[in-house]
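Please open the structure in your viewer and keep the selection tool at hand. The tour below goes from one selection to the next and says what is found at each.

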Amino acid sequence: MTLDLFKLVLQLTVILAVCRIAGTLFRKIGQPRVVGEMFAGILLGPSLLGWIAPNISAYLFPPASLGFLNALSQVGVVIFMFMVGLGINPRELKHQSHAAVLVSHVSITAPFVLASLLALYLYPRLSDDSVSFTNFALFMGAAMSITAFPVLARILNERDMMQTRLGTVAIACAAVDDVTGWCILAYIVVLIRATHETTSIWITLAGISLFALFMIYGVRFLLRGLERTFHKYGEISENRMAFLILLALGSALCTEKLGIHLLFGSFLMGAIMPKEPKFVRYILDRLETITITLLLPLFFAFTGLRTNIASLKGPAMWLYCALIILVATGGKLGGSTIAGRLSGMRLREAAGLGTLMNTRGLMELVILNIGLDIKVISPALFSMMVLMALFTTFMTTPLLAWLCPDRILQPELAKIPAQEATLPPPMMEPTGGSAA
Amino acid sequence: MSINRNFVLAYVMLVALPIVGLLGVLKSGRKLAAPISVDGLWRLQADPAKLASLPCGKALAESPDATLAISQSGKNFTLSLANGPRANASGVLEGTALNASIAPSIDWAAQANCGAGRELTLIATVDATANPRSLAGTLSANNCPSCAPVEFHALRQNPPTRRVSH
């Protein structure tokens, strides 16, 4: 595989242009930019460009060139996962109310159980005997129970809902969901990789546990010094910033070597970082621009190139797709709504919470790409799940506006002290940025 | 954090019981059988002279290291020739029997001068007991009674590669 630099730069140019245009158009209809960028990725793939102009598609994205595009996009996702981990604050999880505890746990178990029930139907139809039912069902469960923490934070911030009860419960639940979802996914990846490798699964698990302990009790101590430096000088030198990125990449390499995946390491590194809001904001500001405007669109395009809606041939395949969307929405939105209502929320508020929890965005695409890589899902199922991610993310903003209009939130917002309301939310994007 | 009775009840009903149900689903699902796996790269072996005698077969015969790339989704699969001419090909797997139709691309049809709309049919049986798995079958031209089907054999390359592109 030789590097055709002209082709790579051409690909970058086309992808960035299409993603920017689609993102801007979707912003105009009140959608987060990320939905437009996800959509742009599908437009550039075999579902549209490859279908209406196969020769242009073959010229722009020859299969031999996709390795480089994938490598660049994966670097972006590694940094993005570090940012997601950075945005998650364990203190928010410690002080959860009963409502948040119940909703967060139900918003995992309900879609998980429904997805595993759906797996009973889909496994003989969309999988093959190289994948065990247990791995297939667990993966479906993990993929359906994930919530796009960054998109959720962005939507809450745009609607000034960060400090409302709905906002704080939603953020805490999304954080729990993501951490749990990634732990389950890590377990599945270990299980699947263990069947192909000679190393015992127990050695792998022991290695991962030791590494996590080293990060939590060793590296985290080191990072506190970085936070102190920031407080002293109001900034971090380029050398220290480079050191931080090196730590994130090193952590990613360790988890990959330990038999899980690069992304778990960068996520863990972000999660153990000090969580003082100004410090978090400072680090995010330095990483967001290039990651969100340049590297993540490549990931959307790469995902779109792997998504082939034409592979859903016949009414049966579309029925499976509809069932996936129904189960994903029913489990996440329905489960969270019921739990919210039982916790004492008003129906509209509980349904608003369910709607927020049903946002999947880029996090879903990251999980699906891992699933396709480790072959636990088939290409057609991957395409269906991508459509589900797009659908559930797209429906969030209009449904939330309908369920929780400003007139309902205003009385609660009026009670928030001004100082508290100005705290920077996690993963707040720069102006015009993309909440992924 | 005071824990009231309603919360415990709701937690048991909505979290604990579903987890027990999940274990039951995982146990019952183990009895399910999925279609056999044919996904991956298969090294194709056929007599080049016989392949060349098929309409559109010349391009195949000129690719001595032709590799069949199968992308499987349950019983359905698409296939392409990794080192050969471009084609739109899809098929169905029934038990161990593969049945696929291959429509040569416009470039392939023009190059081989075999006319647009010509299709090839691939019928094969998978030997699931062999390691690596093997395929044996025939490749024939549709609407060509005088063309004899060409026998082929294919061996799956181990370990199966990751799916990295469309």
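Begin by selecting R33(A), V34(A), V35(A), G36(A), E37(A), M38(A), F39(A), A40(A), G41(A), I42(A) and L44(A), which are the buried residues of α2(A); a residue is buried if 20 or more other C-beta atoms, placed from the backbone, lie within 10 Å of its own. This is a predicted model, in which local features need pLDDT of at least 70 and side-chain atom pairs count only at pLDDT 80 or more, while totals for chains, interfaces and linings use all residues. Residues are numbered from 1 along each chain as its sequence is written, and chains are lettered from A in the order in which they are written.

Now extend the selection to the whole of α2 (residues 33-44) of chain A, a helix of 12 residues that reaches 17 Å from its first C-alpha to its last, close to the 16 Å expected at 1.5 Å a residue, where the expected span is 1.5 Å times one less than the number of residues. Helices are DSSP runs of H or I with at least four residues, strands are runs of E with at least two, and both are numbered from the N terminus. To see what covers the buried residues of α2(A), show elements of chain A including α1 (5-28), α14 (277-306) and α18 (379-403).

Next, select all of chain A, which has 20 helices and 0 strands, and of whose 436 residues 53% count as buried. Its C-alpha trace spans about 60 × 50 × 45 Å along its principal axes.

Finally, turn to chain B, where 32 residues are in contact with 42 residues of chain A, contact meaning C-beta atoms, placed from the backbone, within 7 Å. α1(B) gives the most to this side of chain B, with 12 residues.

Key:
Two residues are in contact if their C-beta atoms, placed from the backbone, lie within 7 Å. A residue is buried if 20 or more other C-beta atoms lie within 10 Å of its own, exposed if 12 or fewer, and partly exposed in between; C-beta atoms are placed from the backbone.
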